[in-house]
Amino acid sequence: MRAICLASGKGGTSKSSLTAALAAWLARDSAKLAADKRVKVAIADLNFDQATLTDWWGKRGRPLFPHLLQLTNFSNDLAALRKTNWHYCLIDTPPTDLDVIETAILEADATLIPVRPSDLDISACRAVVDLCRRRRKPFAFILCQVDTRPAFRKINDAAIERLAEMGHVLSTTFPMNKAYLSAVADPALRGKTGHEIDKTLEPTIAAIWREVEKIGATDDARAPVAAKRRAK
Amino acid sequence: MNRQDLEAERAAIQAELNKAKASLGPSAAARRKRGKELKEAVVNSRRLRSSDRSETVISFRGSQALKDRLALKRSASRAGGERFNEWMERIIEAALDAEQRDMS
């Protein structure tokens with residue numbers, strides 16, 4: 001099993017949205033498949049105060065997959081998933097409780113750090129980076145809520161360069177897209193994620209997952225983006 | 001899949017996970033006993049502060065030789081950046097294990 005922790009050390013960076021989107025993507029065909037062919041995906045909501053992911057899962061109609069982990073002792077819960085041959089577990093963390101974040105980092109195989117292209121977000125994620133380094137756990141950044149309009153290109157590039165100084169940055173970004181927000185206006189869309197509402201976002205979420213799955217898997221995946229760019 | 005089948009399958013998944021959890025590590029009774037031992041092992045804990053230094057001194061059952069060994073381990077684990085509470089728990093568990101070995 002591969003357990004991925006999403007942590008950023010700050011609220012509003014798209015941790016829960018990205019966890020939900022990736023979980024929904026991984027479990028996309030599970031309902032149609034025979035039991036032995038399913039991708040067994042679990043989600044763990046360690047953001048106990050807000051329980052955003054739990055709320056999303058409830059609004060989605062409490063599906064079998066992704067399965068929301070009933071937390072009793074997180075280490076044991078995750079060990080039980082590993083023992084029963086689950087494929088993936090995505091762990092959402094609270095914004096600022098570093099003890100909980102550290103536990104999640106320790107138990108996960110890799111950490112994905114969502115960061116908005118903002119100076120405050122980049123500063124705030126350093127605490128999580130420190131925890132990953134101290135615990136010798138692989139991590140990577142993903143730039144989230146990215147405005148892809150040309151006027152924002154310079155800002156996005158600068159954010160990527162700054163993050164690349166600290167570690168690997170995924171080459172795919174999580175875009176600012178109205179599909180991810182449309183559930184606000186349409187109750188029928190609650191519990192759905194962006195790529196389920198707007199199919200054109202599917203290749204993006206697929207590309208993000210391909211990169212996330214590789215975090216820590218090879219040395220190449222950890223090489224800073226800046227170094228790769230310089231090598232080109 | 002209808003609602004009834006869904007709930008049946010959800011229950012099956014949860015039962016499988018619960019079974020796996022139950023088979024992990026020591027039993028609940030053993031964990032409770034261990035927790036009690038951990039609490040009882042600590043005799044005293046106090047914080048020492050001065051203008052240039054601050055440290056927590058924990059007194060617990062064990063021989064002087066054992067305490068010296070633990071002090072060495074503490075220095076080593078501090079260098080590795082281990083969190084204090086984790087260190088304390090691990091070190092007291094080690095002390096209890098050592099005592100049990102000495103007694104048996």
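Me: What conventions apply here?
Reply: Residues are numbered from 1 along each chain as its sequence is written, while chains are lettered from A in the order in which they are written. In this predicted model local features need pLDDT of at least 70, side-chain atom pairs count only at pLDDT 80 or more, and totals for chains, interfaces and linings use all residues, with side-chain values using heavy atoms and leaving out hydrogens and water.

Me: How much area do chain A and chain B bury between them?
Reply: The size of an interface is often given as the accessible area lost when the parts come together. Here, with a 1.4 Å probe and summing over both parts, the two chains bury about 1800 Å², 51% of it on carbon and sulfur atoms. Of the area that chain A buries against chain B, A:R62, A:L64 and A:K83 supply 27%, more than any other three residues.

Me: How many salt bridges are counted between chain A and chain B?
Reply: A salt bridge places a side-chain nitrogen of Lys or Arg within 4 Å of a carboxyl oxygen of Asp or Glu. The count between chain A and chain B is three, and the side chains of A:R62 and B:E7 meet in a salt bridge at 3.6 Å, N to O.

Me: Why is strand β4 of chain A largely enclosed by the rest of the structure?
Reply: Buried means under 20% relative accessible area with a 1.4 Å probe, protein chains only, and strands are DSSP runs (E, at least two residues) numbered from the N terminus. Five of the five residues of β4(A), 88–92, are buried, so the strand is largely enclosed.

How values were computed:
Buried < 20%, exposed > 50% of the residue type's maximum accessible area, 1.4 Å probe, protein only. Helix = DSSP H or I, 4+ residues; strand = E, 2+ residues; numbered from the N terminus.
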